[in-house]
Amino acid sequence: MTKVVAAITISVDGYVAGPNDGPGKGLGEGGERLHYWVFGGPWSYETGTRGEATGEDAAWLETAMSRLGAVVGGRATYEASGRWGDANPFGVPLFIVTHRPEEQPAGDAFIFVSGVTDAIERAKEVAGGKDVSVMGGADVIRQALEAGLVDELTIIVAPVVLGGGKRLFEGFSRSLELEHIGVRQSPFATFIDYRVKQP
């Protein structure tokens, strides 16, 4: 059965990106530290990524990728990533939530959709019973949670304090009841898995 899962990395003080995030610096100033777990240690926008996840970090990624049937992401993340070089990095249908769906790029690497609800519904149709992953940015995950569309939420806490930037729950307008279903830890992150209880 298809589940809608959301996962995002935050700092200890609750930021998903440092200040001044955008194209070429999608995690903002100092935000690279959030994703040390993804690349096996320190990296920067200036030097580029140098490694890959290991240990518990790799195990979490492997599990998530093995269940992946489709992905929903935001336009800001798409732009900040440099449009992933115009190639879908996930190997499954990737829906981009945007206010400008008419700007659909050529080819079939990305599918532009005007709303998070429509994007998730379309993703579920093509996921083949596997998970639909709602990825960054924070705004798309927040919209999906507020609409009651997320079944499981993973908060990945990086051991860093950014002091500013974008927060996951900034302006969140409803309460959520979460059921703890798992935790794993590495030197670079603590992965906390929750089931989102629906009203």
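Predicted model: local features only at pLDDT ≥ 70, side-chain atom pairs only at ≥ 80, totals over all residues.
User: Which radius of gyration does the chain have, and why does it agree with a compact globule?
Analyst: The radius is taken over C-alpha atoms, and the globule rule is 2.2 Å times the number of residues to the power 0.38. With 199 residues that rule gives a value near 16 Å, so the chain agrees with it at 16 Å.

User: How many helices and strands does the chain have?
Analyst: Both are DSSP runs numbered from the N terminus: helices are H or I with at least four residues, strands are E with at least two. The tally comes to five helices and 10 strands.

User: Is strand β1 largely enclosed or open?
Analyst: Buried means under 20% relative accessible area, exposed over 50%, and partly exposed in between (1.4 Å probe, protein chains only). In β1 (residues 4-11), seven of the eight residues are buried, so the rest of the structure leaves this strand largely enclosed.

User: Which strand do seven bridges join to β1?
Analyst: Strands pair if DSSP finds at least two bridges between them. β1 pairs with β6 in the parallel sense over three bridges, and V4 stands opposite V132 there. A6 has L153 as its bridge partner in β7. The strand joined to β1 by seven bridges, also running parallel, is β7 (residues 152-158).

User: What kind of peptide bond joins G136 and G137?
Analyst: Most peptide bonds are trans. G137 sits in the loop between β6 (131-134) and α5 (138-146). With omega at about 10°, the bond between G136 and G137 is cis.

User: What is the relative accessible area of N20?
Analyst: N20 isn't a glycine, yet its phi is positive at about 60°. Its loop runs between β2 (15-17) and α1 (36-39). N20 is exposed, and its relative accessible area is 56%.

User: And what is the relative accessible area of D86?
Analyst: D86, also not a glycine, has a positive phi near 65°. You'll find D86 in the loop between α3 (75-80) and β4 (94-97). D86 is partly exposed, with a relative accessible area of 48%.

Notes. Residues numbered from 1 in each chain as written. Heavy atoms only, no water.
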